[in-house]
Each structure stands twice: as structure tokens, then as C-alpha cells.
Amino acid sequence: MPAKTTRKEPADARADARTDARAVSTRRLKDNASRKPRSSGKSDDDARERKLGEKVAFAIKRDIAEAGWPVGEVLGNQVELMKRYKVSRSTLREAVRQVERHGVARMRRGIGGGLVVQQPARGSAVLALASYLELAAVKLSELFEARELLEGLMVELACERATDADLARMRALYDQLMAGPADDLAQEVKHHFELRSAIAALPRNPALALLIESLYRVTSDMLTVSADDPRLPELARASRKEKRLLVDALLAGDVVAGRLEVRSTIKRSRKLVEAELREQGLTFEQASAVDLSAEADPSGTSGLYKLGHRVSLRIARDIAASDAAPGSRLGSEPELRERYGVSRAVFREALRTLELHCIVQLRRGYSGGMVIGVPDPSYTAELATIYFQYARLKPRHFYEMWRSLQLASAQLAAQRITAAGKQRLEAVIAAQKAATHEQIPAVHGRLHLEISDLSGNRVLALFTRIMSDIAAYYPTDIPPAETWQVLSGSHAEVAAAIGKGDAPLSRRLMARHMKLVDAWYGNTERENWLHSLEKTPESA
């Protein structure tokens, strides 16, 4: 008789499939980790040179991401990791501290322990973005300008993509908000945050949702109120009305009404901010986010930050208000602890946060202490990039964000262009013309980063940098010489329009360029690519 076979139940088969998948991911993880660490890919223009511990931390995070992020797998114990990355114990410990701070992995002690891969917390990415925007003293005008752009895009995509289930969930959260007592501050805030997050998720674009949420986080800290604030009932009524109008517009699929409501909400928020600033003797154009968030009541609407972070906000605010140049001495640790009235543990926590963003630097030696640094978004951009890798950000999600950021940046750069800015654009175009065919990938994105910097909006510049870092992970090939000639010619047209200060033409030419980029790298057949060139802006 033939041997009897035992058929596995579906649950057993799924368990075997999971085991096989974990085995494959573990092999990939170890194969990746055995390679020599690569550089971070950052340019020589970074605010500072990365230390060895940072480079090793980047290599660990890259290896985990390229292995498919096998949550729960052990990368190796301390001895194995020291050997694999060819570093000392102290350097590895510094790298592990950074990896743990990013939420990528954690060191597990004991038998069978080691560096365990874990899911990066989305909240960590939001907090990193919000913290940088505050600590780098980004102007309020920049924050509100970015909010109007991104929330307008959110409404447009939400009306296009929201499913019946999405809208039903949004409506249920709205009903929950309206059913609660308006004088219960904790519940009011909770329901508002839940509804707000649900609306941000309607476009089904994780990049857009994360960036909008980081902007919400900053403005939430600025506008905190206490439970006994006499303005609370009025603020609650106004906020509920705004939510009702926006929910109605989204349910109706009315993009125009939704955009108008977003604009109205942002306008009201600005008035509240201006009222707070007047009490400090500041104007909206002068002030930055840290001017208000450093003084926000931690028991108010957010209560999200620990004492150490709130101290870091106060230090950053004082640095911004002092107008002191980078390199200026702030004081020794004992002096600063006494100035801010905190313990050593709290001060060290604040210092680590400031150092991550290069707001301050620690200088050793006889005349050492804390000195003012140059804000650097590398940590923030890297953490957001890691999250998007894990979230498997799709090319269409990337393109939506990239296009929106580029159109806005081109228009703003033309409105605010200076003679020095024009020279920077001309230098990038000259470098493109001199580039060899093999250098195309390295030079193609430089103009877009330059334009975002010249927009005068550091929020847009930061978000553009993050999207640029993400783009490096999408597989692309170098276009043929004739194709590159068309793309670089389009770059030159955009740069020339911005240099002339022609904002409408700059936006139009950027839209045309983005159409060419999308046609080549994205959604259309490449054989028909040149058909998109038949109409020039002048003849269209």
C-alpha cells in the first residue's frame, strides 16, 4: 500500500509559511549585516561630519530595512555586532543607543539576547518632525503656509479616494465628538485628535498623513489651554463647527468647500496665535513656534512632552531670541542647570534632544561647555525615511507629495528670489551641463533641493529633503542621452523663470517638468514619452 499522507490544516500551513518567511528574512538580515557599512549618502554640505557611531547606526538601520524589517529577529549579540561592523565596544554602544532612540531595534539582555528588530513607532517619526520644527525656531509664517498647502492636498485626495467605510468611520468619530460634553477638556481633546487623524488618513497616502500630523503636533503645543481657561467653551464651539463643516464637505466630495473650510480654520488658528503673541510683545512675522510652545501649559491640550523636552524648548527659544552666532558659548552644565532650575538627569535629557538636532554642541576642554550649533535636519529626515521604508511608501504616494512640494516651492522661490539665489540656480544648471552620463542620478535632484531651499519655507525644504531621500530607494535606470537632454533643458527653463521672479510661469514650467518626470519614471509607456513634449508652454 502506498504510504498514507497527512494533510495539514490551513492554520498549520499558515504557521509553516510564517516560519519559512522568518527564516528567509533572517538569512537576508545576516547577509546584509555582514557587508561593510556604506556611507549615509549625505552630501558634503551637511552641517557636521557624522561620527563613527552614527555611521554604524545608519548601517544597522539600512541592513534591517533591506532585509524586509523582520520584527522580532535578532541581528546579533554585542560581540557578533562588534565583529560584523568592525568597531569597538564603546562605538557599538553609541550606535545601539541611537538605533534604540529611533525605535528601530532594542538590545535584549540575557541568554539568547542581542539586538532585536522592532517596529519603528510612527509616533516617534511625528515627534521627531515636530521637535525639529520647534527647536530649529521655524517661523510661524512658514508653518501656516505649509499647513495650507498640505491640508488643501489632503482635501483634494480625500474627496477622490475615501471609501464608504472610511467616511463611515469619520462620521462615527464626529458623532462621538459632538455627543460628549464640551467642558470635559481631556475628552474633547481626545475626540478632536482621533477625528483629525481619521481625516488625515482619508487620502490613503502615509507620507501626507505623517507630514500633516507633524504640523498639527506643533500647532497643538502652541495653542494649549488649561481646564479653567475662560476661553474654553468658545474655543470648543468654534472647533466643533469647523469640524462639522469639513466633515460635511468631505462626505459630499466637495473639494472647493473643503479647501475653503481648511483655509478658514487656519485663519482662525492664526488669530489665536496672534493674540498669544501680543501678550509677549511679538508679532506673527517675527515669532517662531518655540516662542509659544516653550511656554505652553503641559497640563493643557497636549501634555505630550516630558519635562526634559520642555526644557530643551526653553533653551532653544532663548538661543533664538539672543541672536547669538553659531559657536557662541552658552555656559557650563552647572551654570545652565541652575539657570533653568532642573536636575542633572532632566538637563542631560534636554541636552540629548538638542544635540540630536545640532541646536547645541558640547565643547570639551578648559573653556568648554555648551555652544550654539547650526540646526541640522539629518536626524529628523533619516527617522522619517526609515518609517516610510517600513510603511512601503508606494511610488504614486511619493509622486503626489513630490509634485505638490515642487509646484509650491517653485512659485515661492520666484516670489522671493535674490541675486544670491539666482547665482545658486545658475551654478546647479552649469553643473548639470558639465555632468557625464554616469553622473546623471547624482545631479538630477540637486535643482529641486535648491529650489525648495530658496522657497524661504524651511518646512517645505525639510519635507522635500525627506522625499528626496525616499526617492533614492526606488529602482530607476539612467535615461538615454536624448531623454536627459530634454529633462535638463526643462530644468534650465524652470531655473530661468525663477531667476526672473516670474512666479506664475515658474509654477507652470515646474508642472510641465513634473509631467515629464512622471512620464519617464512613472505611469506612462516610455515609447510614447516624447508625445508629452508636443505642446510647449508658449503654444499650449
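Glutamate 142 lies in helix α6, which spans residues 140-161, and in this predicted model the residue is buried, because its relative accessible area of 7% falls under the 20% cut-off. A polar atom of the side chain of glutamate 142 is found 3.0 Å from the backbone nitrogen of lysine 139. Leaving aside residues up to four places away in sequence, glutamate 142 touches Gly456, Asn457, Arg458 and Val459.

Lysine 306, by contrast in its setting, belongs to the loop between α12 (289-293) and α13 (307-322). Lysine 306 counts as exposed, because its relative accessibility is 61% and the cut-off for that class is over 50%. Along the chain, lysine 306 and valine 346 are 40 residues apart, while their C-alpha atoms are separated by 9.3 Å.

The accessibility of these two residues is set out below.

| Residue | Relative accessibility | Class |
|---|---|---|
| Glutamate 142 | 7% | buried |
| Lysine 306 | 61% | exposed |

A further topic is the packing of two helices. Helix α17 (residues 395-416) and helix α21 (residues 458-471) have axes 10 Å apart and pack at an angle of about 140°, and they are therefore oblique to each other. The crossing in which α17 passes α21 is left-handed. On the side of α17, the residues that meet α21 include Phe398, Met401, Trp402 and Leu405, and among their partners in α21 are Leu460, Phe463, Thr464 and Met467. Sorted by class, the contact of α17 with α21 holds 11 nonpolar and four polar residues, with no charged ones.

Note on methods. Residues are numbered from 1 along each chain as its sequence is written. This is a predicted model: local features need pLDDT of at least 70, side-chain atom pairs count only at pLDDT 80 or more; totals for chains, interfaces and linings use all residues. Side-chain values use heavy atoms; hydrogens and water are left out. Helices (H or I, at least four residues) and strands (E, at least two) are DSSP runs, numbered from the N terminus. Buried means under 20% relative accessible area, exposed over 50%, partly exposed in between (1.4 Å probe, protein chains only). Axes are lines fitted to C-alpha atoms, for helices over the stretch in contact, and angles run from 0 to 180 degrees between N-to-C directions. Angles under 35 degrees count as roughly parallel, over 145 as roughly antiparallel, 65 to 115 as roughly perpendicular and the rest as oblique. A crossing is left-handed if the near helix is turned anticlockwise from the far one by less than a right angle, and right-handed if clockwise. Contact means heavy atoms within 4.5 Å. Ala, Val, Leu, Ile, Met, Phe, Trp, Tyr, Cys and Pro count as nonpolar, Asp, Glu, Lys and Arg as charged, and the others, Gly among them, as polar. A polar contact is a pair of N or O atoms within 3.5 Å; within protein, one must be able to donate a hydrogen and the other to accept it, and residues adjacent in sequence count only if both atoms are side-chain atoms.
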